[in-house]
Amino acid sequence: MTRISTTELFERFDEETDRQHFEVLDEESMTVEVARYAAGTAEPKNPHTGDEIYYIISGSGMVRAGDETYSVEAGDVVYVESGLEHDIFNIEEDITALLVLAGENPAEYTMREESEE
């Protein structure tokens, strides 16, 4: 069993303002992180080689996963399939999220394809 104090994790965000992610747990088949995305910013994400779940703890904004776009707020869960490009954008209020990455090498990712625009 592993116990993690979210209070301590959130205090680390306040102390280390340049960090967006803190790893909570790293096991063979699962990685858990806490992330904070600032209001007024956008966060393009590289596709991971495993599935991802974002649980929105606080804040609000938009999430694009593949061809679908959703508004998100505290309490929402977003599932992102392995290999799917996704973004968090139009962040209205700082978003704090719990991320669960699952699969063979959960924290491994591929680089986004460059667009030809």
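The legends below describe close-up views of a predicted model. Local features need pLDDT of at least 70 and side-chain atom pairs count only at pLDDT 80 or more, whereas totals for chains, interfaces and linings use all residues. Residues are numbered from 1 along each chain as its sequence is written, and side-chain values use heavy atoms, with hydrogens and water left out.

**View 1. Glu-23, Asp-26, Glu-27 and Glu-28 gather in a negatively charged surface patch.** Like charges are joined within 9 Å, Asp and Glu counting as negative and being placed at CG of Asp or CD of Glu. Glu-28 lies in the loop between strands E1 (21-26) and E2 (30-37), strands being DSSP runs of at least two residues, numbered from the N terminus. Glu-28 counts as exposed (over 50%) because its relative accessible area is 71%.

**View 2. Strand E6 (residues 77-80) pairs with strand E4 (residues 51-65).** The two run antiparallel and are joined by four bridges, where pairing requires at least two DSSP bridges. Tyr-55 has Val-77 in E6 as its bridge partner. The covered face of E6 holds Val-78 and Val-80, while Val-77 and Tyr-79 lie on the uncovered one.

**View 3. Ile-53, Tyr-55, Ile-57, Val-77 and Tyr-79 form a nonpolar surface patch.** Together these residues have about 440 Å² of accessible area, with nonpolar side chains (Val, Leu, Ile, Met, Phe, Trp, Tyr) joined within 5 Å. E4 and E6 are the elements that give two or more residues to this patch, and E4 gives the most, with three.

Note on methods. Patches are made of residues with over 30% relative accessible area and no salt bridge: like charges are joined within 9 Å, nonpolar side chains (Val, Leu, Ile, Met, Phe, Trp, Tyr) within 5 Å. Accessible areas come from the Shrake-Rupley method with a 1.4 Å probe; for residues, only the protein chains shown count as cover. A salt bridge is a side-chain nitrogen of Lys or Arg within 4 Å of a carboxyl oxygen of Asp or Glu. Buried means under 20% relative accessible area, exposed over 50%, partly exposed in between (1.4 Å probe, protein chains only).
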